[in-house]
2 protein chains.
Amino acid sequence: MKLFLVLLILLVTAAESASIPHVRRFLGHFAGSRLRNNAGAALHAAQYETRYFRQRLDHFSFAELPDFNQRYLVGNTAGLWTPPAPIFFYCGNEGDIEWFSENTGFVWEIAPSFSALVVFAEHRYYGLSMPFGSKEEAYKDAKSLSYLTTEQAIADFATLITDLKRNMSAEDSPVVLFGGSYGGMLAAWMRLKYPHIAIGALASSAPILQFENISPPESFYDIVSSDFKRESMNCFDVIKNSWDVLEAQGKYGDGLISLSGKFRLCKDLNNTEQLSDWLDSAYSYLAMVDYPYASSFLMPLPAYPIKEVCKKIDGFPDGTDILDRVFAGVSIYYNYTGSVDCFDLEDDPHGMSGWDWQACTEMVMPMSSRKESSMFPPYEFDYPAFADECIQSYGVRPRPTWVTTEFGGHDISTVLKKFGSNIIFSNGLLDPWSGGGVLQNISHSIIALVTKLGAHHIDLRSSTADDPKWLVELRETEIKLIKGWINDYYQDKAFTAYSIFPLFI
Amino acid sequence: MKLFLVLLILLVTAAESASIPHVRRFLGHFAGSRLRNNAGAALHAAQYETRYFRQRLDHFSFAELPDFNQRYLVGNTAGLWTPPAPIFFYCGNEGDIEWFSENTGFVWEIAPSFSALVVFAEHRYYGLSMPFGSKEEAYKDAKSLSYLTTEQAIADFATLITDLKRNMSAEDSPVVLFGGSYGGMLAAWMRLKYPHIAIGALASSAPILQFENISPPESFYDIVSSDFKRESMNCFDVIKNSWDVLEAQGKYGDGLISLSGKFRLCKDLNNTEQLSDWLDSAYSYLAMVDYPYASSFLMPLPAYPIKEVCKKIDGFPDGTDILDRVFAGVSIYYNYTGSVDCFDLEDDPHGMSGWDWQACTEMVMPMSSRKESSMFPPYEFDYPAFADECIQSYGVRPRPTWVTTEFGGHDISTVLKKFGSNIIFSNGLLDPWSGGGVLQNISHSIIALVTKLGAHHIDLRSSTADDPKWLVELRETEIKLIKGWINDYYQDKAFTAYSIFPLFI
């Protein structure tokens, strides 16, 4: 999830201002974008219709507020769906829903064998689902952004599903939720909060425990670092040692100019932090998309991109400047196609993304970088400084304990051991977000599927000829579990015709 | 729950205006009030402290709104509580929390044997828990009332509990929710929505299925009617036949004046509907509080008050005017102490109660009166007319399907069969609200306790020397189940010292 990184960058990189050390924000645009990489964007587009649903802006009050149009994609793949066959519902993340549909081929691929209807619902305040008529108006200020919250987004989904089912006389169709990353968090939380609306949820790479002190705040950077160390100890050391060199060089009279030249930047640096942010993002994103085949989720990349980065870094003769190594390494991420003339560190200077707002309000995920195990500069999460920044930037005070009050998280095993059912938490251990995920079975129907070599929600991607065996098996297990939920449901409803429906794929 | 009746009266009684037939509102004050009957109000007051907690007005948005102070009562009964002993939390209903505390002796009585801390939390917009500084400001208009919703109230409870536990280093104390009537609905819904906050809920007389078409809309009046029929068929017939007589008499030139005299009203009637509302309320409230011992929950009443009413009605010699009989009957309800000089049908003319707002927004409970089985005038719930009234009165449009979208209700057995746990739904079949309750076990830990002779949340009342055996047993079963939840919790947390804690009473 590219936008998750906003927070990460915000938390780990060096300070812009001495008074608010180690807190930055409004970056996170180094993940690349759908707009750049939409060559394959039409892959599933032929399978769906785009529709809009009128939503209340505040589901939980009766304040007079304008409704808005929520975009959603509906596909009756292969025309097989008819009630009470299932509905597969993807919980849109913090971005354009077409992009998520594009990168969630799994749902499209398995739907026909379930005769399922597929719905991808866009998250409010993203893509074309803008309150107040336009992104400009929706993102104007704290007042207009007030209703960008997870509870409202999940209530949007609940309302949309209820209405869709009623309009299609599909009240008896079981709904299965899907989501990856933040979307996976929404799917899991929605299954817990709205069990009457969805019979189960596949929550892939959903760090629902990355709040307060539940997961160690160092896990993200530790995992990124160990992904590099795993490929090469030298690679890890080079990166770890590069930050000081970078900072030292930036301090020379013309250090920033010379760094700008070395890194082929379009505009000269104002400070070294701009550059370290850019490097930091590359490493973190690389860890998220360290897929076993070539892909272009965030950027066009080769298979096992970290291996390629480390090959570059390690491949120079002894005595090569450490920054030349590092530059060659991150060029795998930023310029794999070789088409970039110069790198623009401010390629989205006005991109006040919705995730920044969410990070400053509900999605407060503390992150630190541990001196010993991390290849990143050491940093300890400083909540007061973080809160100050949010107040200054948005005029909003974060509610750092609200997510756990509303959705839980503390002692989740005890709480859910006898409560809740039908949730799959899938995580790949290469994925830095897995540190905040549910990695152990909670009950016989709240299941953790953990793969050693998986990266960020790889299971939700389209299958490829290069899928390793563990990935094929992971998806098969997921399908089997989902099939079980659906069959249980039909059985409970005594839809015998459906409980023997051939749901195998 | 006296205020539930607002809706009921609003739905069943005859029309004030020809254009909006059979819809009325802003009544429901015939239930009597705490202020009149507060002789015993200090019964548990010595056991608690009154405190206030600062709450957000809108938990689900970041709109800039003033906080408000929520009142709550805390009692460490017998001084036995120390973490991780349990916390018993009463979910405040639509009224003054002291009154509910007073009428929920069960919680106070059993707390010491659990070494439990008792908390009674007031519902926002009721009692002294007023947003905007005063009842006048809070109830000013639709804008100020916007945040009077169940989801906000439950989130208040969740936030209060989380904060209390943190402040008292009681994070490990299990919380058990209690609630009766609307408070019982809140308790059940809260257990489902916030399983991480409370380990279980005793929801007494909670008609969570009285929405949309889940329960038959006729059940309330059918049950009231059969409570009367059960005592005497003649009594039932007299009441059933009285409405037409009443209406016919009101049509005479001085009919209203003569009726006003016959019923000893302080002010002459404007129409017969005022009187039929008043009678209707008496019968409905009598059914709710048809307790086996003298009580003064809504009004000072004898044991089995319906039996007494019917004795009066039946006790006249043949040929007695039907309205004289009816008047004698309802006098049991309105004037059992004999101290009333005249009856004031507008004794709370400005009592714009919060429940009216709730009934016009989320709590839309359709109710009809069936010609054959009901002793009330026939009436069919007319949603469009109801909605029009709400728009005219409050400028607010009801959301009649929101409760089931947010909290479920349709097909609740299938939904919760494998989801959720630790909820007791207790209902007495004399209680007209039992028709909208959960009357069958859903799973081995979502349990329905049904008593044939119970009235409205009788189990939550203080024990008395006159408690029948079934009531004693009902409470024992509840205690046993709650003890089981708590022991399970301690066991799961491996608090062995606590799992052998003597929780028997």
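User: Let's start with handedness. Is the crossing of helix 8 of chain A and helix 12 of chain A left-handed or right-handed?

Analyst: Right-handed, in this predicted model.

User: And what else describes how two helices pack?

Analyst: In general, you quote the angle between the axes and the distance between those axes. Here, helix 8 (residues 219-231) and helix 12 (residues 305-314) of chain A pack at about 60°, and their axes are 9 Å apart.

User: Which residues in helix 8 of chain A meet helix 12 of chain A?

Analyst: Helix 8 of chain A brings Asp227(A), Phe228(A) and Glu231(A), and they meet Ile306(A), Lys307(A), Val309(A) and Cys310(A) in helix 12 of chain A. Sorted by class, that contact has four nonpolar and three charged residues, with no polar ones.

User: On to the sheet. In what order do the strands of chain A lie?

Analyst: The order is 1-2-4-3-5-6-7-8, in an open sheet of eight strands with mixed pairing. Strand 1 (49-55) and strand 8 (446-451) of chain A are the edges, each pairing on one side only. From one strand to the next, the twist averages 20°.

User: Can you walk me through one strand pair?

Analyst: Take strand 6 (residues 200-204) and strand 7 (residues 423-428) of chain A: they run parallel and four bridges join them.

User: Which strands does helix 18 of chain A lie across?

Analyst: Helix 18 (residues 469-492) of chain A lies across strand 3 (87-91), strand 5 (175-180), strand 6, strand 7 and strand 8 of chain A. Relative to strand 8 of chain A, helix 18 of chain A runs at about 170°.

User: Now a single residue. Is Gln152(A) buried or exposed?

Analyst: Buried: Gln152(A) has a relative accessible area of 0%, and the cut-off for buried is under 20%. Gln152(A) sits in helix 6 (residues 150-167) of chain A. Beyond its neighbours within four places in sequence, Gln152(A) is in contact with Leu57(A), Asp58(A), His59(A), Phe60(A), Arg124(A), Tyr147(A) and, from chain B, Phe60(B).

User: Why do we say the copies meet through the same surface?

Analyst: Because 100% of the interface residues of chain A are also interface residues in chain B.

How values were computed. Residues numbered from 1 in each chain as written. Chains lettered and ligands numbered in written order. Predicted model: local features only at pLDDT ≥ 70, side-chain atom pairs only at ≥ 80, totals over all residues. Heavy atoms only, no water. Pairing = 2+ DSSP bridges. Helix = DSSP H or I, 4+ residues; strand = E, 2+ residues; numbered from the N terminus. Axes fitted to C-alpha atoms, helices over the stretch in contact; angles between N-to-C directions. Contact = heavy atoms within 4.5 Å. Left-handed = near helix turned anticlockwise from the far one by under 90°. Nonpolar A, V, L, I, M, F, W, Y, C, P; charged D, E, K, R; others polar. Buried < 20%, exposed > 50% of the residue type's maximum accessible area, 1.4 Å probe, protein only.
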